[in-house]
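Have the viewer open as you read.

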Amino acid sequence: MANSLSHDIVIVGGGSAGIAAASSLLKRRPSLDIAIVEPSEDHYYQPGWTMVGGGVFEAPVTHRRTATVMPKGVVWIKQAAATFQPDNNQVSLQDGTVLTYELLLVAPGIRLAWEQIEGLEDTLGKNGVTSNYRYDLAPYTWELVRKLKSGRAIFSQPPMPIKCAGAPQKAMYLSCNAWEDRGVLGDIEVEFRNSGGVLFGVEAYVPALMEYVERYGIHLKLGSTLVAVDGPARIATFQTAEGEVTRRFDMLHVVPPQVAPQFVADSPLAAESGFVDVDQFTMQHVRYPNVFGLGDAGSMPNAKTMAAARKQAPIVACNALAVLDGKPPLADYDGYGSCPLTVERGKIILAEFGYGGKLLPSFPSWLINGTRPARLSWLLKSEILPWVYWNGMLKGREWLAKPHERRAA
Ligand code: FAD
């Protein structure tokens, strides 16, 4: 017979959102019995990978062993979740263990669907094909940037949703800036091929970004989706409104298509999109009140970012405890997400916005005007935010993340 275990709260996914939520719960109620289901021994600060690809960070500063970030008092179940049975308050794991819960938090992130681009997996990490979306590949981005003196560099962006929608551009601007510094940018033809129809989804940031597109001489190709890569021949194929276009490249930075984790999409918890079907304000499941979804796996229409998870975790903690006590959710999420666009080494356009593209700056505009490149924002990304992540967010210290309590109806 399969093993059966029971916990007050089960959290599926011990990434950024899962660990932060566990810490926020324990901060509010230290006696809780929480289990985190997380198969990986490795935990990453993924926003740092842009800096690795830009030659600013060494890859290991973005990595810690999962064991070292697990909150004290939590039971870590080193397994992958396989199926959900929310009608019975149960999760089944890949080894057949069945966990029973009073409350379930679902935070297994988003899946990178590399296989959707023909030929890509065979050539990643060689033949000039790279991606900052993988820990082991981000250093190869910087190696390619350092070595390239002339030719064509293509940066691709797949259809939404993706985590950190600015990351494809960030890789490009930092590469261009390095080539500019070395005096070779004029010999490199740079193309940004984006499936979407706009440079960035929130218009307020587009003018400042366009200044960089022009400064670096980037050829902007919108409505262009990478569908195949022939690494040895160095040819990339894109689908456009006019049909297929093939482009030779010397460097290709790929951002993969991204989808809901399959086991979530296949479960009764899924929305039509495949993500966990939650109320976008409370993050409570729309059919199962004792289930919450957060982080990249949630169906909320926010920008999928670490910054969003930082805000969501305390809100979910408040709401989940209210439900555990038989009360309605207390706190609302405004859709906050943030994307620090590294437009050059030393300067960032700090996009911070919520639902409907509403600008939600964390700082007064005299300190940081997010719609303009700023040195202080670079300091934030390169020094302050990684520190806040490891020492604040993962530890239940809710800096820059106080939950908004719902007003009484
Ligand atoms: P993750 O942190 O990805 O964690 C998901 C966890 O679930 C993983 O540990 C995984 O092992 C686990 N899991 C998967 N399947 C299962 C299963 N079956 N059972 C149990 N566990 C499972 N955000 C920003 O705010 N600012 C940035 O500048 C920024 N830049 C980025 C740059 C890059 C290149 C990338 C890749 C991301 C960037 N992000 C940025 C986005 C940010 O990293 C993510 O939005 C954030 O990590 C989401 O947290 P999460 O917990 O939802 O997912």
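**A walk through the model**

Leaving out residues up to four places away in sequence, N302 touches A308, Q312, Y333, G335 and Y355. Keep in mind that what you're looking at is a predicted model. Where does N302 sit? It's in the loop between β19 (291–293) and α9 (306–324). Its relative accessible area is 11%, and because the cut-off for buried is under 20%, N302 counts as buried. On the polar side, the side chains of N302 and Y333 are joined by a contact of 3.5 Å.

The largest nonpolar core takes in 77 residues, and L25, I34, V91, L104 and L105 have the most contacts inside it. Which element gives this core its largest share? That's α9, with twelve residues. Apart from this core lies another one of 55 residues, including V202, V254, C339 and V343.

Zoom in on L25 and you'll find I9, I11, L32, I34, L105, A317, A320 and L321 in contact with it, once neighbours within four places in sequence are set aside.

Next, the sheet. Five parallel strands make up an open sheet, and reading across you get β10-β17-β11-β12-β13. Which strands are at the edges? Those are β10 (129–130) and β13 (219–222), each pairing on one side only. At the β10 end, two bridges link that strand to β17 (residues 251–253), and the two run parallel.

Key. Residues numbered from 1 in each chain as written. Predicted model: local features only at pLDDT ≥ 70, side-chain atom pairs only at ≥ 80, totals over all residues. Heavy atoms only, no water. Helix = DSSP H or I, 4+ residues; strand = E, 2+ residues; numbered from the N terminus. Buried < 20%, exposed > 50% of the residue type's maximum accessible area, 1.4 Å probe, protein only. Polar contact = N/O pair within 3.5 Å; in protein donor to acceptor, adjacent residues only side chain to side chain. Contact = heavy atoms within 4.5 Å. Core = buried A, V, L, I, M, F, W, Y, C linked by side-chain atoms within 4.5 Å. Pairing = 2+ DSSP bridges.
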